[in-house]
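Some terms used for protein models rest on simple cut-offs.

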Amino acid sequence: MDIYKVLKERRSVRKYKSDPVPDETLKRILEAAQLAPSWSNMQCWRFIVVRDPKRKEQLAESVPDKNPAIKAIGQTAPVVIVLCADPKASGQQDNKDYYLLDSGLAMQQLMLAAHAEGLGTCWVAWFDEAKAREACAVPPDYRVVALTPLGFPEKQPSEKPRKELGEIVFTEEWGNQTKLD
Ligand SMILES: Cc1cc2nc3c(=O)[nH]c(=O)nc-3n(C[C@H](O)[C@H](O)[C@H](O)COP(=O)(O)O)c2cc1C
């Protein structure tokens, strides 16, 4: 699938069919994550693939009731991926922690590859880290950065609005209107 089509069509999916995700497909999307760039190529990320319904329920207990992705994590998605990262296996510069960026880039590659395979995902960051850590026995030197449900979407969610390019892109100096619009 053309990369621009993937970028345009990807959505945060919160409703899933129960159809299983084939192992070969799962492997391809994890390989897409593996290819992401990272600080000194240290690849601080780790992915836990969860299919066990009991463990998914336990993971959902880390997600607040008001989080719209809670049902996808605990019930509907056939797979949940838990994104972990070791802060010591990345850099810090000017108070910026790059393990979040490294692991986020890998997760984004996974999400785009999943979409190209006809699968849905949803970045979930609003959860209790201690509970998610316990659910998957994540060691203390790793942070639990995010969760995503993974599965075939029940339907394609509608497009969420984005700011105009003129609002987010400047020419040469901060505030100079871009001529790209
Ligand atoms: C860092 C981050 C955290 C997010 N956390 C959650 C979350 O906890 N629950 C949820 O339902 N969606 C979450 N989302 C998904 C956003 O709500 C979604 O990306 C945004 O509304 C744009 O919609 P789209 O992804 O369909 O384009 C998160 C997205 C990001 C990037």
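Q: How does helix 3 lie relative to the strands?
A: In this predicted model, helix 3, residues 53–60, lies across strand 1, strand 2 (79–85) and strand 6. Its direction is at about 120 degrees to strand 1.

Q: How does helix 5 lie relative to the strands?
A: Helix 5, residues 98–116, lies across strand 1, strand 2, strand 5 and strand 6. The angle between helix 5 and strand 6 is about 5 degrees.

Q: What is the strand order of the open sheet?
A: The sheet has four strands in the order 1-2-6-5, and the pairing is antiparallel.

Q: What makes strand 1 and strand 5 edge strands?
A: Strand 1 (45–50) and strand 5 (120–121) each pair on one side only.

Q: How do you know that strand 5 and strand 6 pair?
A: Pairing takes at least two bridges between the strands. Two bridges join strand 5 to strand 6, residues 143–151, and the two strands run antiparallel. Gly120 has Gly151 as its bridge partner in strand 6.

Q: What joins strand 2 to strand 1, and what joins strand 2 to strand 6?
A: Six bridges join strand 1 to strand 2, which run antiparallel; here the bridge partner of Ile48 in strand 2 is Val82. Strand 2 and strand 6 pair over seven bridges, also in the antiparallel sense. Val79 has Leu150 as its bridge partner in strand 6.

Q: Why is strand 2 called largely enclosed by the rest of the structure?
A: A residue is buried if 20 or more other C-beta atoms lie within 10 Å of its own. Six of the seven residues of strand 2 are buried, so strand 2 is largely enclosed.

Q: Which residues have the most contacts inside the largest nonpolar core?
A: They are Ile73, Val80, Val82 and Leu147, in a core of 41 residues. Helix 5 gives the largest share of this core, eight residues.

Q: Which residues does Val82 touch, not counting those up to four places away in sequence?
A: Val82 touches Ile48, Val50, Ala132, Cys136, Val144 and Leu147.

Q: Why is Lys71 called partly exposed?
A: A residue is buried at 20 or more C-beta neighbours and exposed at 12 or fewer, with partly exposed in between. Lys71 has 16 such neighbours inside 10 Å, so it counts as partly exposed. Lys71 is found in helix 4.

Q: Why are Ser40 and Asn41 called exposed?
A: The cut-off for exposed is 12 or fewer C-beta neighbours. Ser40 has 11 other C-beta atoms within 10 Å, so it is exposed. Asn41 has 7 inside 10 Å and therefore counts as exposed. Ser40 is in the loop between helix 2 and strand 1, and Asn41 is in the loop between helix 2 and strand 1 too.

Q: How many residues surround the ligand, and which are the closest?
A: There are 13 residues around the ligand, and the closest are Ser12, Ala69, Trp123, Ala125 and Trp126. By class, the shell has eight nonpolar, two polar and three charged residues.

Note on methods. Residues are numbered from 1 along each chain as its sequence is written. This is a predicted model: local features need pLDDT of at least 70, side-chain atom pairs count only at pLDDT 80 or more; totals for chains, interfaces and linings use all residues. A residue is near a molecule or strand if its C-beta atom, placed from the backbone, lies within 6 Å of it. Ala, Val, Leu, Ile, Met, Phe, Trp, Tyr, Cys and Pro count as nonpolar, Asp, Glu, Lys and Arg as charged, and the others, Gly among them, as polar. Two residues are in contact if their C-beta atoms, placed from the backbone, lie within 7 Å. Axes are lines fitted to C-alpha atoms, for helices over the stretch in contact, and angles run from 0 to 180 degrees between N-to-C directions. A nonpolar core is a set of buried Ala, Val, Leu, Ile, Met, Phe, Trp, Tyr and Cys residues joined through C-beta atoms within 7 Å.
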